[in-house]
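Welcome, and thanks for taking a look at this one with me.

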Amino acid sequence: MRIAIVVPECDPFAKVGGLADVAGSLPRALRSLGHEVAVFLPRYAAIPERLLEGAEARGEVRVQTGEVDRTVRILEARLGEVPAFLLEEPRSFGRPGVYGENGIDYPDNPERFAVLSLGALLAMDALGFAPEVLHVHDWQTALVPVYRRVRGLHRKAGVLFTIHNLAYQGLHEKEILPRLGIPWDLFAIEGLEFYGRANLLKGGLVFSTLLNTVSPTYAREIQEEEMGVGLDGVLRHRARDLSGILNGIDPEAWNPASGREVAAPFSAAEPSGKRKCKAALQRELGLEVGADRPLFGAVGRLDPQKGFDLVSEVGPRLLDRGAQLAVLGTGHEAIAGRLRALASQRPDRCSVTLGFAAPLARRIYAGADFFLMPSRFEPCGLGQMIAMRYGTIPVVRATGGLADTVRDVGQDPERGNGYAFGEFTAGALQGALDRALEGFAARSRFERIVARAMREDFSWTRSAKAYVDLYARAARQEAG
Ligand code: ADP
């Protein structure tokens, strides 16, 4: 199949969260299944120069819609064997960051991502790339199916819309629509209208051929009011076209046996290197060095979604019980402040690093005994899968993709690979942590759990095949 993937982030070019990992891995997995794939994304100023070496200019398109009138240059770079077409438009993308700066979104994001969405459709034409499927992601590319309809572009292609996180919707006053060249007749219940405002994500949900999200459990959860973020009705309406496909991780990029960027290589068969990684991490973070101190790691956005508020609540007792905590994250000041306070009280037991640091993240995945992810909601979550690959046992709230990847040791002693709790309360997390500490103390049993976690297969192959099935269905639906 000929597949065009339009994304606002793509590892290694630009990364904010899990969407970038998906956009970096899925195209290559599709390519190795024999499909023709092209990726379209903005040429952000933040893209490292070394990734642009050898990139070729492939012409330009003029994006004119509403008040937007920009000339967009097309640069062809490489994502392995897959061409990555970077849309260069300095007014929109020639600035720091991806969505904003210092945690504040750019106010002209609707215009910026309209340039991406319409620019990508026009670039496909200019390049002579006629996709059978358009695969778009989150609100930033939700206007692809809208412009496809309004402008009559690539009408024969099926559109698959993937929801990575329903919490970000691109919600604006309705006056945004004429500015983006979207006619008023689409400001309707069966369109982008959302309680009197314009919801770009909703446009994607209504006008795409098929929808999916990144885990089967999250696909069910978002059809209910509690997790539907106001769009559960729309999603229930499209229930027959909505499915869940778990994200994969790249087993080579996250391979403890390669020893890449960590103190020592290790594997399920040869686990001893992990002890060196743990000691090195303890030393690096100023924690007391000791193999028998259970070390809990956490890496992620310091956002209410991720449940770090619960971590700061249960932290003091966890540390009192002799455990250590290593946190790496960026985001909300208040959450960061509480975690920092914990670290300053017990620097030998708790370390908090604020910032985005992929190498330290990897050293935490490799060196910790446990990985904490007590999320309020979690569309898929990559952290728990990466952690397991490094033999680090996840302690998670059983929601979304966490529920689909972590099997509780207590409930399933033979196949368990982690610890899970249900209610989003400090008490419930506390209960899971107590069980984790008991598990850690039973040394040889714990080692078996670690080996089991390391042998889980989270590679992309199975997920990529599931995507191909959806692409074929979407293409058939539009062709028929
Ligand atoms: P989300 O997409 O909601 O942020 P995921 O768990 O799906 O969460 O993906 C997060 C990805 O970003 C993981 O690969 C994680 O290791 C990485 N990551 C998150 N925060 C940081 C950070 N501060 N430093 C380095 N890597 C991070």
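1. A salt bridge is a side-chain nitrogen of Lys or Arg within 4 Å of a carboxyl oxygen of Asp or Glu. Between domain 1 and domain 2 the count is 0 salt bridges. Please keep in mind that this is a predicted model, where local features need pLDDT of at least 70 and side-chain atom pairs count only at pLDDT 80 or more, while totals for chains, interfaces and linings use all residues. Residues are numbered from 1 along each chain as its sequence is written, and side-chain values use heavy atoms, with hydrogens and water left out.

2. Which stretches make up the two domains? The domain assignment (automatic or from a database) gives 2-248 + 461-479 as domain 1 and 256-457 as domain 2. Their C-alpha centres lie 32 Å apart.

3. Now to where they meet: 19 residues of domain 1 are in contact (heavy atoms within 4.5 Å) with 18 residues of domain 2. On the domain 1 side, helix 1 (18-32) and helix 7 (216-221) each give two or more residues, and helix 7 gives the most, with 4 residues. Helices here are DSSP runs of H or I, at least four residues, numbered from the N terminus.

4. The largest nonpolar core has 169 residues; such a core is a set of buried (under 20% relative accessible area, 1.4 Å probe, protein chains only) Ala, Val, Leu, Ile, Met, Phe, Trp, Tyr and Cys residues joined through side-chain atoms within 4.5 Å.

5. Finally, do visit V115 in helix 3. V115 is buried, at a relative accessible area of 0%, and its contacts include V63, L87 and F93.

Notes: Buried < 20%, exposed > 50% of the residue type's maximum accessible area, 1.4 Å probe, protein only. Lists of a residue's contacts leave out its neighbours within four places in sequence.
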